[in-house]
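Please keep the structure in view while working through the points below.

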Amino acid sequence: MRRGSRKSSSSAATASAGPTKAVSKEVERIDQFFYTYADNSSGMIDPEGIETLCSHLEVPHTDVRILMLAWKMGCEKQGYFTLDEWRTGLKALRADSISKLKKAFPELVQEVTRPSNFQDFYIYAFRYCLTEDKKKCIEIPVACELLNLVLGLQFRPQVDKLNNYLKYQNDYKVINMDQWMGFIRFCNEINFPSLDNYDSDLAWPLILDNFVEWLRENKS
């Protein structure tokens with residue numbers, strides 16, 4: 001009886017070791033993939049490593065999918081991937097090689113563009129561009145590029161007009177989080193191009209009141 005119990009516990013241990021071994025092999029491959037691009041002195045993938053990664057993925061480093069990848073990893077510092085961040089993202093994407101990461105992109109895009117995730121990604125994109133500690137705003141040119149990247153696919157007409165306005169106006173040099181969130185709210189809620197449901201009494205950031213006024217004045 002005792003022998004039988006030893007045998008069954010031994011079998012259980014062997015069975016449980018199987019998946020664990022497979023997982024550790026997967027992590028090992030993900031780590032090897034990381035060190036293909038990591039800088040030896042910092043132990044991180046730095047901007048140069050990201051550029052090399054992008055060239056192997058055959059996408060520009062400004063492609064929105066690279067920003068989506070950073071979101072999936074939970075990267076904290078723009079232009080740098082740590083080993084822990086890399087493991088988090090690539091384990092979730094089941095990608096331990098360039099070919100697998102390429103194949104994972106469509107699924108990643110689908111995940112990010114789900115309404116339940118997109119707002120989080122949109123907020124992340126802004127915070128990711130705060131390149132210095134305690135920085136709370138991004139410069140207008142950076143905001144324009146970011147709007148193109150994160151909102152351009154879904155709201156191209158609004159983004160084009162908003163970018164034109166931001167480049168034209170002289171009242172604002174930077175954009176804060178409240179204004180950034182106002183942009184996506186505007187795109188989601190306001191009939192465009194009629195603007196017939198825009199009400200300036202509904203606590204919009206002043207920059208959007210000015211934007212709507214500019215649009216109405218420049219209607220052709």
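1. A salt bridge is a side-chain nitrogen of Lys or Arg within 4 Å of a carboxyl oxygen of Asp or Glu. The model is predicted: local features need pLDDT of at least 70 and side-chain atom pairs pLDDT 80 or more, while totals for chains, interfaces and linings use all residues. Residues are numbered from 1 along each chain as its sequence is written, and side-chain values use heavy atoms, without hydrogens and water.

2. Asp 31 and Arg 87 form a salt bridge through their side chains, at 2.6 Å from N to O. Asp 31 belongs to helix α1 and Arg 87 to helix α4, so the pair ties together parts 56 residues apart in sequence; helices are DSSP runs (H or I, at least four residues), numbered from the N terminus. Asp 31 is buried, at 13% relative accessible area, whereas Arg 87 is partly exposed, at 27%. Buried means under 20%, exposed over 50%, and partly exposed in between, with a 1.4 Å probe and protein chains only.

3. In total, the structure holds eleven salt bridges. One of them joins the side chains of Arg 29 and Asp 96, at 2.7 Å from N to O. Asp 96 is buried, at 13%, and Arg 29 is partly exposed, at 38%.

4. Which residues touch the most other members of the largest nonpolar core? Among the 71 residues of this core, they are Phe 81, Trp 86, Tyr 122, Leu 151, Ile 175 and Trp 180. Such a core is a set of buried Ala, Val, Leu, Ile, Met, Phe, Trp, Tyr and Cys residues joined through side-chain atoms within 4.5 Å.

Methods: Helix = DSSP H or I, 4+ residues; strand = E, 2+ residues; numbered from the N terminus.
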